[in-house]
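Please keep the sequence and the model in view while reading.

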Amino acid sequence: MSWIQLRLDTHPGQVEELEALMLASGSVAVTLEDNADQPVLEPAVGETPLWGQTRLTGLYPADADMAAVLEHFPQTLLSQCNQRIEILEDKDWEREWMQHYQPMQFGRRLWVCPSWLEPPEPGAVNLLLDPGLAFGTGTHPTTALCLAELDSMPLAGKTVVDYGCGSGILAVAALKLGAARALGVDNDPQALLASRDNASRNGVDPALFPVVLPGQYDSDHWRQRADTVIANILAGPLMELSDTLLHCLKPGGTLLLSGLLATQAPAMIDHYKPWISLQVAAEHEGWVCLRGATPIT
């Protein structure tokens, strides 16, 4: 069946009222999206940020009387929005969604491939990964930067910690590239489920890749245990977790930090300077990956 879309361009102060009016007027779903290519970065705790220019899209059945729908909205409010009514033709949405995800190469050896497609290079290191609830499919620049760095590293037989593992893509990639063992840590239970699922899809033995919530792993056991520690999160947590990340890292081990804008790199490098010398290893679309090794004692 077809649907009717009502689109309203507005600002954050009107979003809650307009969303309620859409639902009250018969909309079966309301979505919010950026209407000005404005990123929302690192919200404060308890904050739900919205874009300065926000687009609301209400989805209505094809037989909805849109003139009657619009009568639910105060005209003074509606006149401040750039309103559009469009017919949304029915499609095979699963196929439409799937066609946007194609195999991607990172570095020389590593490919990330959706499970429904054949890997373009069967002899390469192929990581099967489908988009899901948890962050991390390789499409974001920070994930891509970390994957390329991992591809360049001698990981055979190494131990890796992926802190903020999300979908598990980085830890599973490290294991596929030869790492012997990895620990995944994330504060989102959905991420732990996604990491386990992706590990299973790629034939990873669960015993070689435990995934846990923070505080649920043996800190004493993991003290200076990891050859490589990866954290692809956000600037604030990367600073707050510096002791935790460095605690796991062996002398001479490699630390990879990402989730950072290029403008945030100098402060991060300075924060870690007493313990490790970090440098910008790579940059893409304004995002950076920092890399450094702890001194060998």
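In this predicted model, strand β12 and strand β14 (residues 287-293) run antiparallel and are joined by six bridges. Within this pairing, L260 has V288 of β14 as its bridge partner. Strand β12, which spans residues 249-261, also pairs with strand β11 (residues 226-232), here in the parallel sense and again over six bridges. In that pairing, V229 finds its bridge partner in L255 of β12.

Strand β11 in turn pairs with strand β8 (residues 159-163) in the parallel sense, over four bridges. Here Y163 stands opposite A231 of β11. These strands belong to an open sheet of seven strands with mixed pairing, whose order is β10-β9-β8-β11-β12-β14-β13. The edges of the sheet are formed by β10 (211-212) and β13 (279-284), each of which pairs on one side only.

A helix accompanies part of this sheet. Helix α5, residues 141-151, lies across β11, β12, β13 and β14, and it runs at about 35° to β14.

A disulfide is a covalent bond between the sulfur atoms of two cysteines. How many disulfides does the structure hold? The structure contains zero disulfides. For C289, the closest cysteine sulfur belongs to C146 and is 4.4 Å away, which is too far for a bond, because a disulfide requires the two sulfur atoms to be within 2.5 Å. C289 is buried, with a relative accessible area of 0%. C248 is likewise buried, its relative accessible area being 1%.

Finally, an unreviewed UniProt entry lists T143, G164, D186 and N232 under "binding site". Where do T143 and G164 lie? T143 is found in helix α5, and this residue is buried, with a relative accessible area of 1%. G164 is placed in the loop between β8 and α6 (169-176). Which residues does G164 contact, leaving aside its neighbours within four places in sequence? With those neighbours set aside, G164 is in contact with V185, D186, N232 and I233.

Definitions and conventions:
Residues are numbered from 1 along each chain as its sequence is written. This is a predicted model: local features need pLDDT of at least 70, side-chain atom pairs count only at pLDDT 80 or more; totals for chains, interfaces and linings use all residues. Side-chain values use heavy atoms; hydrogens and water are left out. Two strands pair if DSSP finds at least two bridges between them. Helices (H or I, at least four residues) and strands (E, at least two) are DSSP runs, numbered from the N terminus. Contact means heavy atoms within 4.5 Å. Axes are lines fitted to C-alpha atoms, for helices over the stretch in contact, and angles run from 0 to 180 degrees between N-to-C directions. Buried means under 20% relative accessible area, exposed over 50%, partly exposed in between (1.4 Å probe, protein chains only). UniProt positions are given in the numbering used here, feature names are shortened, and annotations may be inferred rather than shown by experiment.
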